[in-house]
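This report concerns one protein structure, shown below. Please keep the structure in view while reading.

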Amino acid sequence: MHSPSVSQDHSDSVRTGLTAETIRQAFLENLTCGIGRPAAIATKHDLYLALALTVRDRLFQRSSTSVAGWVGTRARTVSYLSAEFLLGPHLANNLLNLGITEAATEAMHSLGYDINEILAQEVEPGLGNGGLGRLAACYMDSLASIEVPALGYGIRYEFGIFDQVIRDGWQCELTDKWLKDGNPWEIARPEISFIVKFGGHTELVSDGEGSMHVRWNSGTEVMGVAYDTPIAGFQVGTCNTLRLWKAEAVESFDFAAFNQSDYYRAVEAKMASETITKVLYPNDAALRGKELRLKQQFFFTSCSLQDMFRILIQQGGTPSIFHEKWTVQLNDTHPAVAVAELMRLLVDVYSLGWEEAWAVTTKSIAYTNHTLLPEALEKWTVDLFGSLLPRHLEIVYEINRRFLEEVRAAFPGDDAKLARLSLIDESGQRYVRMANLACVGSHTINGVAELHSELLKQTVLKDFADLWPEKFCNVTNGVTLRRFVAVSNPGLTNLISDNIGGNGWLKHPARLRDLEKFAYDPEFQQKFLEVKLANKRRLAARILQRTGISVVPDSMFDVLVKRIHEYKRQHLKVLHVLSLFMRLRRDPSIDMPARTFIFGGKAAPGYTMAKLIIKLITATGDLVNTHPAVRDRLKVVFYNDFNVKNAHFIYPAADLSEQISTAGKEASGTGNMKFSLNGALTVGTLDGANVEIREEVGAENFFLFGLTAEEVENVKAQGYKPYDYYLGNTYLREVMDFIAGGGLSSGDKELFRPIVDNLLHHDPYLLLADYQSYINAQDRVSALWVDRAAWAQQAILNTARMGKFSSDRSIRDYCDRIWKVKPGQPA
């Protein structure tokens, strides 16, 4: 459905106008009146704030119009619940979506300011970490762009996960104080606040009319306060809202305690309450960390559901039709407690009967699974869950009792299946299984790539697929072309638009196919390579500034940037780098194309092996970057603090995209899509969305290697012995012995022993089994690289054939297959 378009009556308004002159006037007013700075003494950050406020006015004008339109039609609204929203910088993206990039550039230029310097001042919001949060951000962009009424719900973290710095080759974590200078994009909504309970006990009470109800007498209470950020669609009037919750004390100051000189107790409740939204992903190695994570998940889920009821009732609805107003999407298991909380609200607060409440719940909620790793499926000990959420544990028990009756009827006598499907793991210490709760309480369960969705049904969720095959579907992930091409790669954007008749492909990504015919045009190939080289020079300058390492832009930029994890196999890439180094050390005269290896990604603070892999990468760089046999033909860079802002420079500059996870382990991946859209070729396994990318771009334009997911399982079933691969491959043995012998650690044989021993004797992710296939694929990469026309042709075809992987397509799939919501038709 359509939201009302922006009225043309606002075109000349200083608050909402879109011309260069109205933007200039609004900017000056915000500079002097909004932040109280005369232009003569304004800092670059002041200029950024003034321009951000200028743009925000235009966003909220659209937001108000959108909300008014949807209220009038009682449109069904998507509620997207996610513990992360990795938004990236707002300003450039909002200028693009509003269609005022050129007008704002002109306005700033007329005042003597460089808009690029202003854009550079923005601090990235610390609201997410990796692919899960970035996907949520892409989906919010697409929901608005295809005009679907939506509210994103999450947590307003005071501090992000951490800022990553590299000291002596090791990752060190610094506090991500992203809010220290304020956030001009959000508006606090203190009038939208809700009480969230923890602990205490439950009791049966009479309602005075002969019925008994459960009352939850909480031990502690906190207040959740809404903070709203507008999310504009691309070249449409629609502007949705991202609503994040901040935890505050119900009473922030105990005046009686203060008067008794007990100053700590006077503010104790405030400090304890605000801890809940203090930091993204607190370390949960200890019990207190686990408790805080569960508190975070319930806090934002409860606030969000209470807000949905507020909106429903405000619009004249009743709790029994909650599912008609809202479709609630769980982005992984973090908000899975929503199943129990929605039941509590319907039964305990709004007095629906259990059967009616369960029908409403299961018609409202859908669940996206993002992992094939059993250990990543969240579960909480019954003791912890019950101590924090005693009423919810009772509800989980009742859901489970009724559910297991259904299982017994479907699979009589199969006690093993009953135990696996149960919401309570009773194989040892008792746990509440959150993925099982999400599956039981959802009408639809989706994976995020075709392979992932099939493997879900064969592995971690097989029992649920056997019981309810109709619940399962696939929605392959996507990324927004607006941010990851138009904003981050303006050179490529202009080249595409100039040759295929404008920028309509940013709204209709299938039009990228019109670029195919230019893949064989030598003149266009040269222009394409020139754009790529300009992006590489831009990145090379940043690498020199950040690391002190000088890299050659004409070399192949071979890039592996993603969260550091053993299954993502950054250490396999290191084995390749060292293999090339060994070749050069044996014969410095050999003909080898120059490569710059660019690594990036954060390791979880408590993940010792991942942090050691970072040290392995930096130690390899220390050796390779200065060795006389290499002579600039190999360079290794670890680009610290990889995030969206840094990704804007890295994706457009990449020549080769490394997507080398063990087949069957990556759910989808979205970095693979961003690289290919920007004209990088991929070397990868048949894992996650790599399978579909290869199908789209053509097998001949993708460097495939490694075991398939089925072959991985077969190798393991037959008794995988990585040491046999080590013994049977001279070059692999040479590299492993070099590391083990202290070649990267000044003779210290102990430093990297955990990695060496793990690979030789366990190798859970089959690096050694895939090593030679990977080396062979990399040799094919080198052979193609020297034929610049052939490389350009394949790179152009990658860009041209990636339209399927737009997040707009993903959201249309969600609307059709899961939410049953009809998008508006873009103008």
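The model is predicted. Helix α9, spanning residues 287–314, packs against helix α11, spanning residues 338–349, at an angle of about 45°. The two axes lie 10 Å apart. Angles from 65 to 115 degrees count as roughly perpendicular and those under 35 as roughly parallel; α9 and α11 are therefore oblique to each other. Their crossing is right-handed. On the α9 side, the contact is made by Phe298, Thr301, Ser302, Leu305, Gln306 and Phe309. The α11 side supplies Ala338, Glu341, Leu342, Leu345 and Leu346. Sorted by class, this contact comprises seven nonpolar residues, three polar residues and one charged residue.

A further element is helix α8, residues 263–274, in which Glu274 is located. Leaving aside residues up to four places away in sequence, Glu274 touches Ala247 and Glu248. Is Glu274 buried or exposed? Its relative accessibility is 16%, and because buried means under 20%, Glu274 counts as buried.

| Residue | Relative accessibility | Class |
|---|---|---|
| Glu274 | 16% | buried |
| Cys303 | 0% | buried |
| Cys439 | 0% | buried |

How many disulfides does the model contain? The count comes to zero, taking a disulfide as a pair of cysteine sulfur atoms within 2.5 Å. Cys439 is accordingly in no disulfide, and the nearest cysteine sulfur, belonging to Cys473, is 12 Å away.

Conventions:
Residues are numbered from 1 along each chain as its sequence is written. This is a predicted model: local features need pLDDT of at least 70, side-chain atom pairs count only at pLDDT 80 or more; totals for chains, interfaces and linings use all residues. Side-chain values use heavy atoms; hydrogens and water are left out. Axes are lines fitted to C-alpha atoms, for helices over the stretch in contact, and angles run from 0 to 180 degrees between N-to-C directions. Helices (H or I, at least four residues) and strands (E, at least two) are DSSP runs, numbered from the N terminus. Angles under 35 degrees count as roughly parallel, over 145 as roughly antiparallel, 65 to 115 as roughly perpendicular and the rest as oblique. A crossing is left-handed if the near helix is turned anticlockwise from the far one by less than a right angle, and right-handed if clockwise. Contact means heavy atoms within 4.5 Å. Ala, Val, Leu, Ile, Met, Phe, Trp, Tyr, Cys and Pro count as nonpolar, Asp, Glu, Lys and Arg as charged, and the others, Gly among them, as polar. Buried means under 20% relative accessible area, exposed over 50%, partly exposed in between (1.4 Å probe, protein chains only).
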